[in-house]
Amino acid sequence: MTFEFAIPRDALEYSHRQLYISEELDSPSLRAESYLNLAKAHLRLGELERALNFARHSLYNKCELCATAGHVHLTVGSVYLELAGFNKALDSFQQAHRIALALRDTALELQVYVGLSELFSRLQDAEKSARYASKAYDLSRSLQLNDLNSRHHRAALLQMASALRKQGELGDAHDYCSEATRLALICGDQASYARSIRIMGDIYRNKSDINKAFRQYEAAMGSAAAMGDRVIQMESMDGAARCLEALRIQHKICNCRPLEFNTRLLEVAKSIGAKLLMRAVGLRLSGIYHSLGDENNKLHHEQLALKIQNDLALNCAACRSPYGLEDDSLEALSCSHILHARCAYELVRRNKKKKCPCPECDRTSSRLYLNCNDYNSMQYSPVQLSICSSDSHGTSHQATSSV
């Protein structure tokens, strides 16, 4: 049994009890589930190294091809997402996807697509993020559970909202997010509710309605703090910091509040290990100190951001130039090394009659990990939520993948 909706501290207590019972019964399967639940709880608490350790313990007690192992790899992928270890996250999602297909576990497959969508969202590939969100949403409507109010459906709705928001489809994003909020309230899913109002804040911020956006972020921060979910709290704080930055640039507020808020957010991001966010906050603080005429602190935060960027090593395996820092189109080889799409297609073109060697590790592959058979012909278009609701078993997006 997993504790998906529980407050993290409560989930922690339940998991320790479950672990104690598993030791009494000497049950490897129950022990594996206990460690998995502990990993999930520590992930939400922002204790990422502990989450990884418990995930590894879970794998020691379970077979390679079973549902629990699939969820462990999924959790490990989510942890590496927060740590900005994108190659490792991709590899973990790939392993979870392999297990999902082998077991025909549609729910696990759906969660893998949600993870992949979030990964490419963070790497600024909005199109691929939307594609995987669409695949997750389609699966959530075809699970044959006769219950569209399932947590999987809510997760898919929220990922669709997030992906569409990145593409500028703010009306559709608002509809998906509102539906997820409604369903979360009906079933008392506090985590989904907090995430939904945080994403709604992102949508309002993209609409330049900063006051509404800030209120959404404040509500999300309060809800996350009440649960003890530090990851959602951190994401909501970042949204609020972006609002304050927009007001500062427009000269509607002074530098003091953005400086204080971003300094606090940087401490939270450091304590969790969220390197990508640390870089973004460092750049914001550099701009604030520049406005204040404090060149020493400006330079300090600039250098901090540059060091983090170098540590992340977000460089294309083919051309070695950066990716993930601005809008781009990405692909990956089966070894999970990420490339610019243009570099990946050129690599495939040069090796039409033989397997492609990865420029990073020399592992060969007969195909791209993420691409479909004809990448030039793929088209994506979101379906309105009202249409989707009337056909709960149809497929709205024909996005395919060779994961």
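Trainee: Is Asp 125 buried or exposed?
Mentor: Asp 125 is buried, because its relative accessibility is 2%. Buried means under 20% relative accessible area, exposed means over 50%, and partly exposed is in between (1.4 Å probe, protein chains only). Keep in mind that this is a predicted model: local features need pLDDT of at least 70, side-chain atom pairs count only at pLDDT 80 or more, and totals for chains, interfaces and linings use all residues. Residues are numbered from 1 along each chain as its sequence is written, and side-chain values use heavy atoms, with hydrogens and water left out.

Trainee: Which side chain does Asp 125 meet in a salt bridge?
Mentor: That of Lys 128, at 3.7 Å from N to O. A salt bridge here is a side-chain nitrogen of Lys or Arg within 4 Å of a carboxyl oxygen of Asp or Glu. Lys 128 also counts as buried, because its relative accessibility is 10%.

Trainee: What ring does the charged end of Lys 128 sit over?
Mentor: The ring of Phe 120, 5.9 Å from its centre. The rule asks for NZ of Lys or CZ of Arg within 6 Å of the ring centre and within 35 degrees of the ring normal. Phe 120 also belongs to an aromatic cluster with Tyr 113 and Tyr 132.

Trainee: How many aromatic pairs are there?
Mentor: Four. Rings of Phe, Tyr and Trp (its six-membered ring) pair if their centres lie within 6.5 Å; planes under 30 degrees apart count as stacked, over 60 as edge-to-face, and the rest as tilted. Tyr 35 and Phe 54 make a stacked pair, 6.1 Å centre to centre with 25 degrees between the planes. That pair links distant parts of the chain, 19 residues apart: Tyr 35 is in helix H2 (residues 28-44) and Phe 54 in helix H3 (residues 48-60). Helices (H or I, at least four residues) and strands (E, at least two) are DSSP runs, numbered from the N terminus.

Trainee: Are those two buried or exposed?
Mentor: Tyr 35 is buried at 13% relative accessibility. Phe 54 is buried at 18%.

Trainee: Back to charges. How many salt bridges does the structure hold?
Mentor: It holds 28. In one of them, Glu 118 pairs with Arg 122, closest N and O atoms 2.9 Å apart. Both residues lie in helix H6 (residues 106-122), four residues apart, about one turn.

Trainee: New topic. How many residues of H4 are buried?
Mentor: 14 of its 16, and H4 is mostly covered. After H4 comes Ala 84, with a positive phi near 65 degrees.

Trainee: What's the average pLDDT?
Mentor: It averages 87, and 86% of the residues score at least 70. Over residues 371-384 pLDDT is below 50, and this stretch has 25 contacts in the model beyond near neighbours in sequence. pLDDT is the predictor's confidence in each residue, from 0 to 100, and contact means heavy atoms within 4.5 Å.
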